[in-house]
Amino acid sequence: MDVIQLQAHHTYLPNSLFMLIIQQWISVLTLFISFCVAVTIYSLGKNQSFNQTPRYSKRGTTKPRFWSFAGVEDLLRVFRSVKNGTVLSYLDSLWSRYGDTYVISFFGTRIIFTRDAVNIKHILAFQWLDYDATKGIRTEMFKDVAPGTIASVDGKAWEDERRKWRRSLTHHHQLLDLPFLEKSFRLFLHHIPAGNMVDLQPLVLDMMTDIVRNFVIGESAHRLDIENQSKETRESVEALERLTPAMAMKGLLGPLSWLLPRGGFDADCRLFKGLLHRTIQEQLKTREGGDMNPQSDSPLQSRFLDRLSLHTNDPETLRNDVTAALMASESTARPLSHSIWLLSQHPKIYEKLRQSVLDVVGLEEPTFADLNKFPYLISVLNEALRLLPPTTLTLRRANKDTWLPSGGGEDGTEMLLLHKGERV
């Protein structure tokens with residue numbers, strides 16, 4: 001009898017657990033649906049309150065377009081385009097369809113996408129203080145890789161970081177290794193087959209990765225002469241290459257970045273930080289017995305890392321600053337790629353530019369003093385930066401109720417109001 005009761009008990013227990021799990025999932029699903037409905041109603045009410053604000057006319061606002069339930073589908077499409085490297089063409093298709101400024105809603109929070117030059121200038125030049133560049137955006141991006149750096153702070157902390165970086169870049173002629181630049185460019189040319197079409201973008205990125213790494217820590221990444229690349233350097237460079245797009249995705253997701261898988265990301269963080277830690281420790285040991293006077297011409301001043309170590313001896317701070325600097329490879333490669341492409345489209349400008357350089361240095365290698373003798377080159381680079389900015393997509397978060405001069409109203413020509421916490 002005891003055996004039968006025991007068997008019956010064991011038969012009954014899994015059924016009870018199964019029913020309990022089902023009930024719990026139903027409860028969770030019900031709460032989730034209730035939450036989505038609540039934030040949707042709240043969002044609609046919140047945006048209606050803008051329409052009722054006495055200071056602005058009703059046509060001075062634009063309600064969010066709910067393209068899909070809670071905006072999840074829209075954001076997933078953006079994330080997919082980021083992963084596939086087609087984010088610009090995808091966003092351009094949306095701008096062509098909905099106008100230069102359009103609004104979506106993600107769980108009740110509006111996200112404004114704009115390519116309107118008037119709005120961009122308004123944010124960056126006139127209402128900079130109304131927006132945060134890091135809170136809820138870059139904070140998530142950098143917190144696991146390089147927290148507290150100039151790219152991940154706002155306000156006074158950003159001003160302090162900028163001041164430190166500016167002091168570290170004084171006497172920059174000591175940091176420019178012109179022979180290495182010439183060597184890197186020769187390697188770049190070596191990889192271009194004569195008489196054949198070639199995609200220059202990856203080659204430009206490889207060259208700038210070598211140059212930036214040499215500028216920051218005094219050693220090449222050897223992307224253009226891979227036979228000279230050590231296993232440690234290869235692992236470090238490849239880990240950072242994988243971390244960069246993952247960080248961009250974390251920035252887009254913001255507080256929901258925990259949804260992303262972390263296994264590979266955490267492994268790359270540990271690998272990259274561990275390899276860079278050795279370089280930082282070697283620098284601190286060198287600093288203890290070296291001449292670190294920022295006004296001197298000591299060889300210890302030949303790296304950006306040397307300059308940073310004048311301001312702190314904290315290994316973690318140095319590692320984070322060096323990481324932020326190393327991540328500049330792509331943002332420096334873009335304007336060079338853009339300039340080459342624009343010159344290929346304007347052969348007369350190219351010929352005039354080439355002749356202006358030949359008139360100054362002929363076929364000799366330019367020196368640092370010669371760099372100020374190329375006004376036409378500077379004009380060409382500035383125009384390339386104007387036409388094709390290196391930062392193709394950036395995010396801001398409103399830290400107060402504010403407005404954009406364009407994008408509102410029925411035809412998108414009136415002001416668009418933003419609530420505190422909304423993103424642009």
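Asn214 is buried, at a relative accessible area of 12% (buried is under 20%, exposed over 50%, partly exposed in between; 1.4 Å probe, protein chains only). The model is predicted: local features need pLDDT of at least 70 and side-chain atom pairs count only at pLDDT 80 or more, while totals for chains, interfaces and linings use all residues. Residues are numbered from 1 along each chain as its sequence is written, and side-chain values use heavy atoms, with hydrogens and water left out.

**Asn214**
- Asn214 lies in helix α8 (helices are DSSP runs of H or I with at least four residues, strands runs of E with at least two, numbered from the N terminus).
- Beyond its neighbours within four places in sequence, Asn214 contacts Asp177, Phe180, Glu219 and Ser220 (contact means heavy atoms within 4.5 Å).

**Nonpolar cores**
- The largest nonpolar core has 26 residues, of which Val216, Phe272, Ile280 and Val322 touch the most other members (a core is a set of buried Ala, Val, Leu, Ile, Met, Phe, Trp, Tyr and Cys residues joined through side-chain atoms within 4.5 Å).
- At least two residues of this core come from each of α5 (134-142), α8 (200-217), α9 (231-253), α10 (263-289), α11 (304-308) and α12 (315-326).
- The most, six residues, come from α10.
- A second, separate core of ten residues includes Val78, Tyr90, Ile104 and Ile111.
- Val216 touches Arg303, Phe304, Leu305, Val322, Ala325 and Leu326, leaving out residues up to four places away in sequence.

**Trp128**
- Trp128 sits in the loop between α4 (117-126) and β3 (131-132).
- Trp128 is partly exposed, with a relative accessible area of 38%.
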